[in-house]
Amino acid sequence: MVSWLFWAQSESQTRELPKRQSSPPKMSQPSNKPPLTPQFCFNETALRVDFLRLSRGTIDDSIIQNLNALVTPARDGFDPSSTAERQVQPARRRPIDSAACQGFKENVLFQSWQTRSDVLNYCAGVALDPADPDLVLREAETAKDRERVVDERLDPYSGRFFPREARTESLANLIRNERGVEGIIRARTWGLVTERCGDVGVRWEEALNRWRESTEGR
């Protein structure tokens, strides 16, 4: 009798336990641009850790999670034949709806990349002339041209690089390094994006410039 009561109580407790539901992965939000001042650029912790590392970690280092958040497994309903298959395609390999992919690229990925480009370009201007950081940016009308102008002005062999003091030369070296890191990170991220979303054969620079051209006229 006692054993039966113990079994009944255990069975009741088992039925009352709430079912754990795994929450779907959440997509990251685009990176916010920090207030741009020469002081921000000269503060390596603020620039590299608080902004660049955080933005890259949220958007690029978490790209698989961000892409998985675009997949809706239950959209097509339950397929009974799927239970007979031993190998199930993992979420990270499932193709994603083209509209969801395009929305992610335009509203999250490219915006975050452009925000980081804007910050690095501004800080490049600080390194070249702290008294007028926007001077180098005014030499180009479009975001695409700014990348080229900044590269030329930061190139120590171009004949146009004139660091005014030790800290500006140090900042210029930092920006050059971070722009190189940025290119590597974007290439890796874009490879995963094209694998899931298409755009095979389109380089990330080309895709970003298309987006820039479509937004600059707005």
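**Aromatic rings and arginines**

A: Start with Trp-211: its relative accessibility is 13%, so Trp-211 counts as buried. Keep in mind that this is a predicted model.

Q: How many aromatic pairs does the structure hold?

A: Five aromatic pairs. In one of them, the ring centres of Phe-110 and Trp-211 are 6.0 Å apart. Their planes sit at 50°, so this pair is tilted.

Q: Where are Phe-110 and Trp-211 in the chain?

A: Phe-110 is in helix H5 (residues 98-128), and Trp-211 is in helix H8.

Q: Which residues form the aromatic cluster?

A: Phe-110 and Trp-211 belong to it, together with Trp-113, Trp-190 and Trp-204.

Q: New topic. Where is Arg-212 found?

A: In helix H8, which covers residues 204-216.

Q: Is that one buried or exposed?

A: Arg-212 is buried, because its relative accessible area is 5%, and buried means under 20%.

Q: What does the Arg-212 side chain make a polar contact with?

A: With the side chain of Asn-209, at 2.9 Å.

Q: What else does Arg-212 touch, leaving out residues up to four places away in sequence?

A: Gln-114, Ser-117, Ala-143, Lys-144 and Glu-147.

Q: Last one. What lies over the face of Phe-42?

A: Arg-167 does, at 4.0 Å from the ring centre.

How values were computed. Residues numbered from 1 in each chain as written. Predicted model: local features only at pLDDT ≥ 70, side-chain atom pairs only at ≥ 80, totals over all residues. Heavy atoms only, no water. Helix = DSSP H or I, 4+ residues; strand = E, 2+ residues; numbered from the N terminus. Buried < 20%, exposed > 50% of the residue type's maximum accessible area, 1.4 Å probe, protein only. Polar contact = N/O pair within 3.5 Å; in protein donor to acceptor, adjacent residues only side chain to side chain. Contact = heavy atoms within 4.5 Å. Phe/Tyr/Trp six-rings, centres within 6.5 Å; stacked < 30°, edge-to-face > 60°. Lys NZ or Arg CZ within 6 Å of the ring centre and 35° of its normal.
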